[in-house]
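Have the view open as you read, and follow the points in order.

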Amino acid sequence: MTTYVEIVPASESLLPPLCRECLWWQRPVWSREAPNGDGARQLWLERLSRDWGSCGTAAVNGRDTLGAVQFAPLRSLPRAQNLLAGLSVAESSDAVMLFCLRLREGRPEYEAGSLLHRALSSLHERGTPEVHALARPLGSRRSYARGNVFGLEFLLANGFRHVGRSGRLDVVRCDLRGLLPVFSDLLW
């Protein structure tokens, strides 16, 4: 049976190895602010979890992680802020960025939707008004992600709306104030 676990420092080991080395939280190389070295991500996650709450959701069956999705306030993600500079998203103090949905190889792609809906439900319960993500066209509603960027068709089919562009990437938004109760009902 699949259970869903919030990602905090104590459960970070549930993330796939690649996700534990995620770049979204890091400062750009040219930044003069805090370094990105050893232990910096752990400190970032500890501080953010304490001040804001969990930074993702993992789908787990027994000891196996089936998939994971991460999210955090945009203000805590310097690389994302850099990509979204100039868009109204970047100026919103309560904007949340959804990033890096990954499923274990061989898992059915419909599980990506369940994991996404769990993450959105968790954010809704915490009072998050809207969530943003970066996406690119992948040619199918079932293709949920490539690398650390979402499939545009997948997000549009799951309640997100196009709000702008950042270079070659589309910026999408999901308003959690009215849409999510439908997702919560579907989960049950």
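**Notes for a first look**

1. Start with Cys100, which is buried, with a relative accessible area of 4%. Please keep in mind that this is a predicted model. Cys100 sits in strand S4 and has a positive phi of about 55°, although it is not a glycine.

2. From there, move to Phe150. Which residues does Phe150 touch, once its neighbours within four places in sequence are left aside? Cys100 is one of them, and the others include Leu98, Phe99 and Leu101, as well as Ala133, Leu134, Ala135 and Arg136. Val69, Tyr144, Ala145 and Leu155 are also in contact with Phe150.

3. Phe150 also leads you to the largest nonpolar core, which has 27 residues. Those with the most contacts inside this core are Phe150, Leu98, Leu101, Leu116, Leu155 and Phe160. At least two core residues come from each of strands S3 (64–73), S4 (96–103), S5 (130–136) and S9 (169–175), and likewise from each of helices H5 (110–125) and H6 (152–156). The largest share, 6 residues, is supplied by H5. Another core, of 17 residues, lies apart from this one; among its members are Leu77, Ala95, Met97 and Val149.

4. Strand S9 deserves a look of its own. Is S9 mostly covered or uncovered? The strand is mostly covered, with 5 of its 7 residues buried. S9 runs antiparallel to S5, and 6 bridges join the two; Val131 stands opposite Cys174 in S9.

5. S9 also pairs with strand S8 (residues 161–166): these two run antiparallel and are joined by 5 bridges. Here Arg165 stands opposite Asp170 in S9. The hairpin of S8 and S9 has 2 residues between the strands, and Gly167 takes a positive phi near 65° in it.

6. Finally, turn to helix H2 (residues 40–51). Its 12 residues reach 16 Å from the first C-alpha to the last, close to the 16 Å expected at 1.5 Å a residue. The buried residues of H2 are Ala40, Arg41, Trp44, Leu45, Leu48 and Ser49. Just after H2, Gly53 takes a positive phi of about 125°.

Methods:
Residues numbered from 1 in each chain as written. Predicted model: local features only at pLDDT ≥ 70, side-chain atom pairs only at ≥ 80, totals over all residues. Heavy atoms only, no water. Core = buried A, V, L, I, M, F, W, Y, C linked by side-chain atoms within 4.5 Å. Buried < 20%, exposed > 50% of the residue type's maximum accessible area, 1.4 Å probe, protein only. Helix = DSSP H or I, 4+ residues; strand = E, 2+ residues; numbered from the N terminus. Contact = heavy atoms within 4.5 Å. Pairing = 2+ DSSP bridges. Expected span 1.5 Å × (residues − 1).
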